[in-house]
Amino acid sequence: MSIKLIVGLGNPGGQYQHTRHNAGFWFVQALCDKFNLSLNFDKKFHGQVGRGMIDGQEVRLILPETFMNRSGQAVAPFAKFYGITAEHILIAHDELDIAAGSIKLKTGGGHGGHNGLKDIVPHIGAEFHRLRIGIGRPAHSSQVSGFVLAKPPTDERISIDAAIECAVDNIGEIIAGDMDKARNRINGFKLP
């Protein structure tokens, strides 16, 4: 199944721009940089939206500006308006259960406690593709909220960006729907 919509999850506003929870935004911004795509705010869809060609295929992009725990309020109407079903959607998001510098491509499954996914699944179902960008996890579960809303140290950010770059380099396979090939390359990514 080819990808027609790429969603990056994060929180709007300068104070969140460099926080771990915005790793999904970082991925979409890296795609825009590589393929010379631009995003503009569309109040009808509560987010930064864009469209363009990636490896010869037209793709739509959205960065919800509803705040993480209300991501579904942007993603669902956008997907519905353009007639894009869950299996044609890739959602990039931060992932506590994966170390910083690792990245995993997965199809379907639960929300794993991720507030952005938790708000999207009831609206569009769970059969979308997920690009899970590892950010690691704090020592204690009581620290999760502060951890995801904090800026990673420089070495950690470099590792996360390297993993994102791997996914950007393999976006052609993802968009074409060749998930097995993309998964082999992305899930096997190791920092040099």
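Which helix does Phe78 lie in? Phe78 lies in helix H2, where helices (H or I, at least four residues) and strands (E, at least two) are DSSP runs numbered from the N terminus. This is a predicted model, in which local features need pLDDT of at least 70, side-chain atom pairs count only at pLDDT 80 or more, and totals for chains, interfaces and linings use all residues. Residues are numbered from 1 along each chain as its sequence is written, and side-chain values use heavy atoms, with hydrogens and water left out.

- At 2% relative accessibility, Phe78 counts as buried. Buried means under 20% relative accessible area, exposed over 50%, and partly exposed in between (1.4 Å probe, protein chains only).
- Phe78 is in contact with Leu5, Phe45, Val49, Arg60, Leu61 and Ile62, leaving aside neighbours within four places in sequence. Contact means heavy atoms within 4.5 Å.
- The C-alpha atoms of Phe78 and Arg132 are separated by 22 Å. These two residues are 54 residues apart along the chain.
- The buried residues of H2 are Gly72, Ala74, Val75, Ala76, Phe78 and Ala79.
- Their cover includes strands S1 (5–8), S3 (47–54), S4 (57–64) and S5 (89–95), along with H3.
- Just after H2, Gly83 takes a positive phi of about 65°.

**Nonpolar cores**

- A nonpolar core is a set of buried Ala, Val, Leu, Ile, Met, Phe, Trp, Tyr and Cys residues joined through side-chain atoms within 4.5 Å.
- The largest nonpolar core has 38 residues. Ile6, Phe27, Leu131 and Ile171 touch the most other members.
- Helix H1 (residues 23–35) gives the most to this core, with eight residues.
- A second, separate core has 20 residues, including Phe45, Phe78, Ile84 and Leu117.
- Ile6 is in contact with Phe27, Val28, Leu31, Val59, Arg60, Leu61, Ile62, Leu90, Ile171 and Ile175, leaving aside its neighbours within four places in sequence.

**Helix packing**

- Two packed helices are described by the angle between their axes and the distance between the axes. Here, axes are lines fitted to C-alpha atoms, for helices over the stretch in contact, and angles run from 0 to 180 degrees between N-to-C directions.
- The axes of H2 (residues 72–81) and H3 (residues 115–124) come within 8 Å and cross at roughly 30°. H2 and H3 are therefore roughly parallel to each other. Angles under 35 degrees count as roughly parallel, over 145 as roughly antiparallel, 65 to 115 as roughly perpendicular and the rest as oblique.
- The H2 and H3 crossing is right-handed. A crossing is right-handed if the near helix is turned clockwise from the far one by less than a right angle, and left-handed if anticlockwise.
- On the H2 side, the contact uses Gly72, Gln73, Val75 and Ala76. They meet Asp119, Ile120, His123 and Ile124 in H3.
- The residues of this H2 contact with H3 divide into four nonpolar, three polar and one charged. Ala, Val, Leu, Ile, Met, Phe, Trp, Tyr, Cys and Pro count as nonpolar, Asp, Glu, Lys and Arg as charged, and the others, Gly among them, as polar.
- H1 and H5 (residues 154–169) pack at an angle of about 55°, with their axes 10 Å apart. H1 and H5 are therefore oblique to each other, and their crossing is right-handed.
- From H1, Ala23, Trp26, Phe27, Ala30, Leu31 and Lys34 meet Arg157, Ile160, Asp161, Ile164, Ala167, Val168 and Asp169 in H5.
- The residues of this H1 contact with H5 divide into nine nonpolar, no polar and four charged.

**Loop residues**

- Asn36 is found in the loop between H1 and strand S2 (40–42). Its phi is near 55°, a positive value in a residue other than glycine. Asn36 is exposed, with a relative accessible area of 71%.
- Ser38 is found in the loop between H1 and S2. At 48% relative accessibility, Ser38 counts as partly exposed. Val49 and Gly50 are in contact with Ser38, leaving aside neighbours within four places in sequence.
- Asp55 is found in the loop between S3 and S4. Its phi is near 50°, positive in a residue other than glycine. Asp55 is exposed, with a relative accessible area of 56%.
- His88 is found in the loop between H2 and S5. His88 is buried, with a relative accessible area of 13%. His88 touches Met1, Ser2, Ile3, Lys4 and Leu5, not counting residues up to four places away in sequence.
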